[in-house]
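Biologist: I'd like to go through this one with you and hear what stands behind each label. Can you put it up on the screen?

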Amino acid sequence: QVQLVESGGGLVQPGGSLSLSCAASGSIFRINAMGWYRQAPGKERGLVATITRGGSTRYTDSVKERFTISRDNARNTVYLQMNSLKPEDTAVYYCNADGILTPGLRDFISWGQGTQVTVSS
């Protein structure tokens, strides 16, 4: 009932920048938190950054000072600006959102399909 569509991944050299976006659509009454997670080959999916509806943010330590998460509540969209990228940032990046559906006001948690980010020279 809620679809998340990511865009913006690709190949970038170390030290470069990429911007990801994720738009939510469907039977949405309200989106609460939105976030980005990533999964590198052979590793578990882990948190990159989250943002509440009010704009409070949280980052995993390895991306602090380099990545910035933001959102547009009117567009149900979350963004991730990634600067000073390192090879260890290479992973599939997944968008996540939780909130309330309409009608019925039931809770939902949804994931995007993932977008590949590769940092390599």
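Biologist: Which residue stands opposite Ala97 in strand 10?

Modeller: Ser110 does. Before we go on, this is a predicted model, where local features need pLDDT of at least 70, side-chain atom pairs count only at pLDDT 80 or more, and totals for chains, interfaces and linings use all residues. Residues are numbered from 1 along each chain as its sequence is written, and side-chain values use heavy atoms, with hydrogens and water left out.

Biologist: What makes strand 9 and strand 10 a pair?

Modeller: Two strands pair if DSSP finds at least two bridges between them. Strand 9 and strand 10 (residues 107-111) have five bridges, in the antiparallel sense, so they pass that definition. They also form a hairpin with five residues between them, and Gly104 in the turn has a positive phi of about 100 degrees. The strands themselves are DSSP runs (E, at least two residues), numbered from the N terminus.

Biologist: Which other strands does strand 9 pair with?

Modeller: Strand 4 (residues 28-39) pairs with strand 9 over nine antiparallel bridges, and Gln39 stands opposite Val92 there. Strand 11 (residues 115-119) is joined to strand 9 by three bridges, again antiparallel. Val92 has Gln116 as its bridge partner in strand 11.

Biologist: How do you know that Cys22 and Cys95 form a disulfide?

Modeller: A disulfide here is a pair of cysteine sulfur atoms within 2.5 Å. Cys22 and Cys95 have an S to S distance of 2.1 Å, so they qualify. The pair links distant parts of the chain, with Cys22 in strand 3 (residues 18-26) and Cys95 in strand 9, 73 residues apart. A search of the whole structure finds one disulfide.

Biologist: Why is this disulfide called left-handed?

Modeller: Because the torsion about its S-S bond is about -85 degrees.

Biologist: Why is Cys95 called buried?

Modeller: Buried means under 20% relative accessible area (exposed is over 50%, partly exposed in between; 1.4 Å probe, protein chains only). Cys95 has 0%, so it is buried. Cys22, at 1%, is buried too. Strand 9 (residues 91-101) is mostly covered, with nine of its eleven residues buried.

Methods. Helix = DSSP H or I, 4+ residues; strand = E, 2+ residues; numbered from the N terminus.
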